[in-house]
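Reader: Could you walk me through reading a few features of a model, with the general idea before each case?

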Amino acid sequence: MSAELQEAKEIIDQHLDEQNESSDITASELAQHLQTLKKHDEELFTEYLGKLDPEALGDVAIELPDHMLKDVIETVPSEKIVEALEELESDDATDLLQYIEEIDEEKAKELFEGLDKENQDEILRLRSYDDNEAGAYMQTELFSAKLDEKLGDAVARLRRLKQEGELENISQLFVINNDGVLQYGIPLEDLILFDFSKRLIENIQSTEPEHYKPHTALDSDDIENVVSIVQDYDLSVIPIVDDKGILLGRITADDIHDFIQESATEQIYNLAGVDDDAEEENTLIKAGKARAIWLSVNLMTAIFSSFIIGLFDETIAAYVALAVLMPIVASMGGNTGTQALAVTVRRLALGEIEFKDAKSVLKREVSISLINGLIFGVIMGIIAAVWFNKGLLGVVIGLSMVTNLFFAGFFGTIIPLTLRRLNIDPAVGSAVILTTFTDAIGFFSFLGLATWMLI
């Protein structure tokens, strides 16, 4: 048995020994060690999968890639998976059932029908939202109380729900009126300052009521706007309400963190022209196929650049030094464009800029690119002039670098802004489009100037 497999086995054994108490091993760690088991010993993986209790099984299943989740639904009894779904918080249960549905619709339907009516209603409600709406990310489990309820009674209810495992990650008491409209949000740490024998409204009025007015989000709000609110006000939780102000659920900081992490991963994959789903599938054929699509697009752009070079074959033949210096012009333009692209995509993702800000953003990025073009154009011009003992060659490459870096900054900024304007993910394909422009402009300007000035 390999050291890696032995370590994974020992850690999972430790969790199994502690799972009825309070295991320190997270679901993410368990999922990673189960992946190690599967890689080395399929039978051992299946055996340990069956040993997990429903609560751990649900948490781990969410962390598993699709090809391993398929193993779960094929080897674990449906009754146990149903129990695992019921142990999860509403948003996680909804996500897990959706993951299962993408793999096996019939199995997902069977599991859904096995849930109790309350869990079914919660899942249907959360699935009614679009993927970009805040309601799709909220969980319906929360700690709330009415204005005229005694604080002591509310805290006793919280204690009971915690003991029964019905509530987790509670940081605030949401106070509602008789119609369910959210009025206040009180941090649990502030409750110790209140009189438990008094009604909540009496406790709140004896302080500064405005201090407990919560930041909220509508269930129909774009999730990216909700993320901005949470970040701007450093919130640990944000209540979700409908257009009448009725409290529907909450989104916690860990949910926001997960969304940011997933978005960042997607942006990185998209910038590289890689399909994140295929990569997470972890199979050579699917991952290779997904990458090959973008590589084929890149091949076409490379052929286009080669065609431009071919237009000046006589110039290159007459002056071989041009072939030596061409890669420098293309490389500097590509890197400058990538810098502008990365900064612009990041600012778009964070909501710092929109298409309406194009003028100011372009001015900034193009100015930076032009300054760098002048600096490195002069440097490279001197190097080329000394290297090949021809002053005009230095002038050609200097002017070409200024031109290419200027346009690289321009296109590195305008491409993602335009894609966002067209409601297309600005990260998807931006790098390939940018490379086409920077290579074409770089080669054309360099060889064109050389033909005009040297030949």
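Author: We will look at sheets, a pocket and an aromatic pair. This is a predicted model, so to speak of local features we need pLDDT of at least 70, side-chain atom pairs count only at pLDDT 80 or more, and totals for chains, interfaces and linings use all residues. Residues are numbered from 1 along each chain as its sequence is written, and side-chain values use heavy atoms, with hydrogens and water left out.

Reader: In what order do strands S1, S2 and S3 form their sheet?

Author: Strands (E, at least two residues) and helices (H or I, at least four) are DSSP runs numbered from the N terminus, and two strands pair if DSSP finds at least two bridges between them. Here the order is S1-S2-S3, an open sheet with mixed pairing. S1 (144–146) and S3 (182–187) are the edge strands, pairing on one side only. S2 (172–176) and S3 are antiparallel over 5 bridges, with Ile 176 opposite Leu 182.

Reader: How much space lies in the second largest pocket?

Author: Rolling a probe the size of a water molecule over the atoms shows where empty space is left. A pocket is an open set of points on a 1 Å grid where a 1.4 Å probe fits, with protein on both sides within 12 Å along at least five of seven lines; lining residues have an atom within 4 Å of a point. This one holds about 740 Å³, the space filled by probe spheres set on the points, which are joined across faces, edges and corners. Among the 28 lining residues, Glu 118, Glu 122, Glu 141, Glu 166 and Leu 167 are closest to its centre. H9 gives the largest share, 4 residues.

Reader: And how many aromatic pairs are there?

Author: Rings of Phe, Tyr and Trp (its six-membered ring) pair if their centres lie within 6.5 Å; planes under 30 degrees apart count as stacked, over 60 as edge-to-face and the rest as tilted. The structure holds 8 such pairs. Phe 312 and Phe 444 have ring centres 5.8 Å apart and planes at 70°, so they are edge-to-face.
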